[in-house]
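Hi,

Here is the structure I promised to pass on. Have a look at it first, and my notes on what turned up follow below.

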Amino acid sequence: MSADTSRREFLGASAAVIPLAALASGQPAYAQSALPADNHLVPEDKGLRPEWVRGLRAKGQPEWYRGDELDRIGMPCGGIGCGQLYLRGDGSLTSWRIFNRPTGPQPDVEQGFALLITGRDGTVARPLARRGFDGVTFRGEYPIGRVRYLDWNAPVRVEMSVWSPFIPLAANDSNLPATVFEIEVENTSNQPVTVATAGWLENAVGLNTGPVHAGRAGRVTRVAVERGRTLISHAGELLTGPAVADPRPARVLADFEGADYGDWKAEGEAFGARPARGTLQGQQPVTGFEGKGLVNSFLGGDGPQGRLTSPDFVIDRTHLNFQIGGGANPGQTCINLVVGDKVVRTAAGRNEEQLLWQTWDIKEFAGKTGRIEILDRADGPWGHINVDQIELADVPRVGAPPFPECEDYGTFTLACAEAGRAATASDLAQVPLPLTGADAKWAAPERRAGAVVGPDTTLAPGARHTFVWVLAWHFPNAGAGMGGNGHYYAARFADAPAVAHHVLDNHARLSRDTRLWRDTYYDSSLPWWLLDRLHSTLSYLATGTCRWFKNGRFWAWEGVNCCEGTCTHVWNYAHGQARLFPEIERIVRRQQDYGAAYDEASGLVGFRGNRAYAADGQCGTTLKAYREHLMSADKSFLGELWPKIKHALEFSMGHDGNDDGLIEDSQHNTYDINFEGPNTFVGALYLAALRAGEQMAREVGDAAFADRCKRVFEAGRRLSMERLYNGEYFIQQVDLKKHPRFQYADGCLADQLFGQGWAHHVGLGYLYPADAVKSGLKAVFKYNYAPDIGPQTRAHPPGRWFIGNGEPGLLICTWPKSRHLGENAVLYRDEVWTGIEYQVAGHMVWEDQIDEALTVCRAIHDRYQPTKRNPYNEIECGDHYSRALASWGVYTALCGYDYHGPAGRLTMMPKITPEAFRAAFTAAEGWGTFEQTRGAGTQNSRIILRYGQLTLNELTLSALPGGKPAEVKLGGTVVAAKATSADGRLALTFDKPLTIKAGQELQVIQ
C-alpha cells in the first residue's frame, strides 16, 4: 500500500476515509428566522457517511511518507527539556534550537551521514539523503523516527532509526542532550559487500554570537579515538591576540544626534526625515543606544520600507563598530558595508529592541572606499531595524557578554560507537564545508566541519549490520530569554563528550527500554492513525516549549518562547507528561505551583509563576495536585503538600464568597479575558476541585474540611442546574449591559464542561446529572463542530488562523440560538485550538459519544498531514503548543483508565472494541499492556507488565454479561480475590497486596 493510499483508506473499512469537508452538507439544519441568515452557519447534519465513520475504528496500516511529504516533517529528536532539534523526513536534521535561542533566524548546522560501499571499482560514498538514494520513505513512531533508503542500483538496503532516550517513569534517562542514530545496512545482493558509515558535524559553537565576537571568538575541533569510540569534539575558546599598539582614535561615521540625517541619503518611508529620539509609537522599549538619537525604522510600524545610505568613506581602520537591534531578517532589516558594488559585510538584528555592539574585521579592505547601507525591506513582524554609533576603529567593541558566557558557547560532539579515523575531503566530497584535520583551531565566524569514517564491515548476502552514532551537545548558558538560567543536563554532565560516552555506555539499556515503550504503545488494537496522533504531542516535551533548570525545576512556555511561566490555565489541559513522567509533574507542583507561584499569606497560585490570579488555573492547580497524588506510589506527596493544597483551594472558595458553589465575581481565564458572573467553564473546574479537595481531605484525616467541600459542591451542583442549564447545554449568566465585552452569555462554549472531563479523568464521577452532561456535550458537537469551517469563519472571521477554510474543526464558541456577539464576544471565539478539541474529544469518550470523539480527532489528524503541515507541531499561539498534550486524555478515556497509586487501585474498562481491546497503560512504578478479549461466553483480561512493577489491592474490569465467577492467575498461579459485580463492573479485591513484576502476567478469566 502506498503512503498516499494509507492516508486516505483504512484496511477493513468498506470505503475510503475521504476529507471531512467533502462530506459537509450545504446549509445548516438549524436556523431561527429572527436571526440574521449568517448568524450561525455550522450544519447540524455533518454529512458523515456511515462507512466513513466505521472506517475511523478500523486498524488500518502504518503511514509511510515519501516525496514532497518529507519536506514538512520535523519530528523532535532530542531529550526532554534539552532544547529542540528536528529529524526531517529524509533523515537530515534541522531546527537546531539547542543553542539557547528558541526563535528567530539562525543558520542550520551542517551535519549528515554517508554509506561507503566498496566494490571492484573502488569506494562510493552515498549520502543518507534523497541525493544519495532514489527511494526515501519516513515512518514516525515517536520517539523513534525510521527512514528507509532504497536504490535499485545499490547492493544494500538501509534503514536509519533516529531517537533520543524516551522511557516513561525514567525522567533522568529521558533528559539527555543527545540523539542516537542506528543505521542498519542489509546486503540485498548475491555477493559479499563491504560497507562503512561516515558522519560529519560542523563546529557550531558560537553559531549565533561568533560574528559579534569577530577577532575574539575561536573554535577548536579534535578527532580522536577514546575508549574504542571515535569522537568529533567541538569546542570554543576566547582569543585574546596581541594588544593593538598605539591604536588610532576611533573615527565616528555617524552618531545620529543631529536634527536630520545630514549628508546621508534617505529613500522610502521607513526612516523618515530625521533620526528617532528613542522608542516610537506602538514599539516596545528601545534601549542600549548612545546619546539621544538613533536610526529606528519602526516609523509608522513594521509596514514602511526604505534605505538609508552614507556618503563614501575611506577605510582607514582595522574594524568597523556599530550598535544594532531590531528584526532578525538577514538581507531585509540589515546594515551592509558596500565596497565597490559588492556587499562585503552584513548584519541583522535579533528580534530584540535592545541595541548591542557588533564589530566587523575589515583589514582586507584597507585603503578602499566604502559606504554603509541601512535597509528595511520587511513588512511583517519585526520588520524594522535599529542602528546607532557607526565608527571606524582599530579596537573592536563588543557589547555582548564575553564569548565563554554567551548562549551558544559550549561543546558539541558526534561519536561513532566504533574505532574509526578522521575523514578527508576525498572520502566525503559531498560535505559542503571545509573539513578540519584531527586537531584544528581557527577563528569564528569561519565555518568548518569535522568528519569521521567508521570501520569497514563485510556483509554476506542477506546479512545485516547496525552502525551506531551519537550526536551530543552541552550548551549550559541558558539565559533569561530561555525562561531561566542553566540546564539540568549541565548539572549532570561536564561536556558533550561526557554525554556521548554516557549514552554509548548505556546504549543497550536505553535502546531496549525506548523501543520497549514504542512497541508497547503501538502494539494496540486502536487505529494506527489515532495512535500516531495522540502520541505525537508528547514530542513537545523535547522542544523549546519545555525547560529543565539546572536547579532541578521544570519550567515551560505555553508554546515555544510564547507566554512564559508554566501557565496554570494552559497546562490545565495537558495530561501527557503527568501520566508518563509523573515525577516531573510533581516537581512542577512542588517548585512552581506550591513554590515560586504560591503566596503564603493568601493561598494564591500565580498563574505564570507570579502573583497574578486566574480563576481556571487556580482551580486546576487543585486538580493537578490530586492527579499527581494518584500517580504516586504512596501518600508522601499528598502529606507533604496538603496544607498548601488546602490553602490554595480555600483561595478559590474565597472567590465563591458564600459557599454556594458558584464563583460569580470577575474570573480571569485561558481566553486572556475575564468572565463575569457564574458560568460552567470556571464553575465545573471549581466543582471538580471541591470534589478532589474532599477526597484528599478524607485521605489525610481532615474530615471537617472534607465535609465543607462536599456541602459547597452539592450547593454548586444544584444552583448550576437551576441557573446555568438551558435544557440543552450550559451557559453563562451575565449582565451584558454591565459587562458588554468578552463574555459568551447564552453561547455554546466548547469548554463549557471542561471540569466534568477533568472529573472523569481522575475518577471523581459526575458533577452534574449525567443526562445534562451528555446533552451539553452533544450540543458542542452539534453547534461547534464544522466539517468545513469556511461558512462560519467567512461570516465571523477569527482573529488568528490555525486552520484553513475548507478544513474541519471545532470552533471555540457559537451562538446557535441568539445573535452572535461579534467583537464583544469571548475572545478567540471563532478560532480552532487542538487542545480544546482533544479536551472535548476525551470527554466525549467518557460519555460514550465515541463516533463524535473520533471524528474530532480525525479532523486534527487530517489537518496535520505532511501534505499540509508538520505532523509534530500543532500550533496555537506558538509552536508545539502545550495545550495539545490534552491528547493523552483521549487515550486514557478510550482505555476506561482510572488509577489510584497509593491505594493500589486500577480500573481498565475499554470504551472501544471491548470484544478485542489492547493498549498500553502507565502507573506509578511501572507500565505495560492491558488486553481484553471476548468470545463464546467468556472474557479474558490480561495485564502484561513490561517495565518496573505494579502493586494492586483492587482491580476493576468490565463485567461479562451473565455474571460468571472470575478466576485470577498471576504467572499461572491462582490468586485469591473477592469479586463483586454491579452496573457492568467487576471489582476484584485481593486478600493481600499483589505486586506484579516486569515480565509477569496477571490474568482474569470470566
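Searching the whole structure gives 42 aromatic pairs (Phe, Tyr and Trp rings, the six-membered one for Trp, with centres within 6.5 Å; planes under 30 degrees apart are stacked, over 60 edge-to-face, the rest tilted). Take Phe-99 and Phe-475: their ring centres are 4.8 Å apart and the planes sit at 65°, so this pair is edge-to-face. Phe-99 is in the loop between strands S4 and S5 and Phe-475 in the loop between strand S30 and helix H4, so the pair ties together parts 376 residues apart in sequence (helices, H or I of at least four residues, and strands, E of at least two, are DSSP runs numbered from the N terminus). Both Phe-99 and Phe-475 are buried (under 20% relative accessible area; exposed is over 50%, partly exposed in between, using a 1.4 Å probe and protein chains only).

A word on the source: this is a predicted model, where local features need pLDDT of at least 70 and side-chain atom pairs 80 or more, while totals for chains, interfaces and linings use all residues. Residues are numbered from 1 along each chain as its sequence is written, and side-chain values use heavy atoms, leaving out hydrogens and water.

There are also 66 salt bridges in the whole structure (a Lys or Arg side-chain nitrogen within 4 Å of an Asp or Glu carboxyl oxygen). In one of them, Glu-182 meets Arg-515 at 2.1 Å, N to O. Glu-182 belongs to strand S10 and Arg-515 to helix H6, so that bridge joins parts 333 residues apart in sequence. Glu-182 is buried at 6% relative accessible area, whereas Arg-515 is partly exposed at 21%.

Cheers
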